[in-house]
Amino acid sequence: MSAVSRNADGVSVPRVGFCRALLYHIQWDFWKEYLDGLGAEIVLSPPTSKEMLSDGLKLAVDDTCLPVKAFYGHAQWLTTEAVDFMLVPRLVSLEKHTYICPKFMGLPDMIRTAVAGPPPVIDPKIDIRQSALRQRASLMNAASDMGFSPRSAREAIQQAGSPYRRKMRTMSSRVKPALKCGHSSSKQSAMKMAVLGHPYLLADDVTSAGLMWALADMDVKPVTLESVDDEILQEYLQDLPKKVFWSEGGRLLAAARHFSRRDDIDGIIQVNAFGCGSDSLLGEEAQRRVRQEGSCPILSVSLDEHSGEAGLLTRLEAFCDMVKRKKQ
Amino acid sequence: MEYYLGIDVGSVSTNLVLMSEDEEVRQDVYLRTAGQPLRAVQQGLLEIAQQQDDDLQISGVGTTGSGREIAGVFVGADVIKNEITAHAIGAIKLIPDVRTVLEIGGQDSKIIILNDGVVVDFAMNTVCAAGTGSFLDRQASRLGVDIEDFGRLALQTDNSVRIAGRCAVFAESDMIHKQQIGHSNPAIVKGCCDALVRNYLNNVGKGKDIRPPIVFQGGVACNEGMIAAFEEELGCEVFVPEYNKVMGAIGSALLAKEDMQHEPRPTSFRGFGLHSMDYNTDNFECEDCPNRCEILEIYIDGDLAARWGGRCDRWDRTDTVSVEEKAVGADN
């Protein structure tokens, strides 16, 4: 099945594939430490390319969002890399009393049924609603399924820490390369705008249709929810009439309310994945609340495989013009 | 007298406006794009050159519309701006206290909400072009009616037939069905206008704060049936400006003037001589990095005039050579 890899001691180690999509953008730090701790050889798929996306579109079920479709393309890519296992964690809940999008729960099963001849899919369950013991057992079982000893599994879990800590990364680091090579290198960013969308959508240049690059070209400094303290977000979630049970969607709603009250933010750009359940409900709620709470301009764009880049650019440009003229 | 040129290259029509320094429209040209945006721009330049004096002085050029980039590099535009901003600026010029702009063009429709002469909100149709000019065009030719008379037909009756306007394909099936069961053409056309207005207000206009004064512009604003349907649905007068078909071009000329006065510089306009020059475009994929940018090139009379489309400036070359300079170069 595979070209056998060996570690420094000449012992063969399994090649484990991981998709650079969806949960990669939320918890990769944890899974990398876990796999490193086990001593596996990691095969990470490259950043989404147009070919990978079109592969994914052919394989995926119709009614998923674009990032999920891209995930299929990544899994397909891994099948050509002679990996022994594909690690597709089953994310259920990352915060107490909440769930993550159900597509994350079904991901391992979706990949098993759709991708041609996949290597065995290993699907440890990440669910903070379960006891610590059961969470640990899930990671132990996954290690054992890949042929690692209980001892190395214990060490790996120790090393990786908790899967529930969030990867704190601000969008500015992602935009830097754009500024370096783009057209606006010398100018100071004229406007600061909050860009709100799932990290797996925004951080992927292909699924986000180059939105971050386009903004850099338009002299906009994007700010994302990763730059906001969790405590602040929690505060905005508390005074809602009903508890939001989608953790990620709730964070976006809270961030929209937070940014709309900040004086240094010139506008809010809401980026939705077409077909995303939580976006369609909470995105709408966020828009209404922002409009109610004040005069912060908000633009909502929806992305799917049919979005033309031209239409997106026109809207972004018109929105930036609108904000700029208003300021003058 | 100095003049400014505004060019709006849309999916269906290409419009040019020659505007004087004191913001009066000296000439407007409305042409069908017919799939060849640069050909249409050339034709427009020719029509202006034929009607105006030879020593016409152009101080700035603006382009807008979906073909704004290519038209901009072709003519050597000073300002290249999106059609939402251009349409808003055009509307404010003609009706300074406008609060709502309804704009329906060949393949897109938009709504712009203004307050004190500043855009505060807007929306544009997304993947669906139901209810735009090309749909009306198609229905007119299917019924064997000139598009110019199509809207007037709707005014001949008080009876409207209920047409499903959610999707252009289904609307057409519905219209055919209503014909087959014996409804008159005027009633069907009126039903069609009502359906399109409903669709527009529920999609593009969803959640928007629509207040008078309302301006209706774009090619579809020539359709009396649509104007009547909007007035009925919104319950107030809908104002169609004199230059409704070329509002984008007017806005674009105004933007060019504003920018040239803000930052005075010589225009990069290549000159009216462009109308008779040969051009061709080419494209290739840059393989220098994984971005794989699609690079476009335009050649005017065999010489590379501009290259664009990359994320970095590796291939950029937008230095414009005026027609006169080129002519001098050719003589030598």
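## Basis and overall fold

A contact means heavy atoms within 4.5 Å. The model is predicted: local features need pLDDT of at least 70, side-chain atom pairs count only at pLDDT 80 or more, and totals for chains, interfaces and linings use all residues. Residues are numbered from 1 along each chain as its sequence is written, chains are lettered from A and ligands numbered from 1 in the order in which they are written, and side-chain values use heavy atoms, without hydrogens and water.

In chain A, 75% of the contacts with a separation of 6 or more lie between residues 24 or more positions apart. Chain A contains 13 helices and twelve strands (DSSP runs, H or I of at least four residues for helices and E of at least two for strands, numbered from the N terminus). Of its 328 residues, 55% are buried (under 20% relative accessible area, with exposed over 50% and partly exposed in between; 1.4 Å probe, protein chains only).

## Strand pairing in chain B

Strands pair if DSSP finds at least two bridges between them. Strand β11 (residues 279-285) of chain B runs antiparallel to β12 (residues 294-300) of chain B, with seven bridges; Asn283(B) stands opposite Leu296(B).

Five bridges join β12(B), again antiparallel, to β13 (residues 303-308) of chain B, where Ala306(B) is the bridge partner of Ile298(B). Two residues separate the strands of this hairpin, in which Asp301(B) takes a positive phi near 50°.

## Cysteines

Zero disulfides are found over all chains (cysteine sulfur atoms within 2.5 Å). For Cys19(A), the nearest cysteine sulfur, that of Cys65(A), is 14 Å away; Cys19(A) is buried, at 2% relative accessibility. For Cys101(A), the nearest is that of Cys276(A), 6.0 Å away; Cys101(A) is partly exposed, at 23%.
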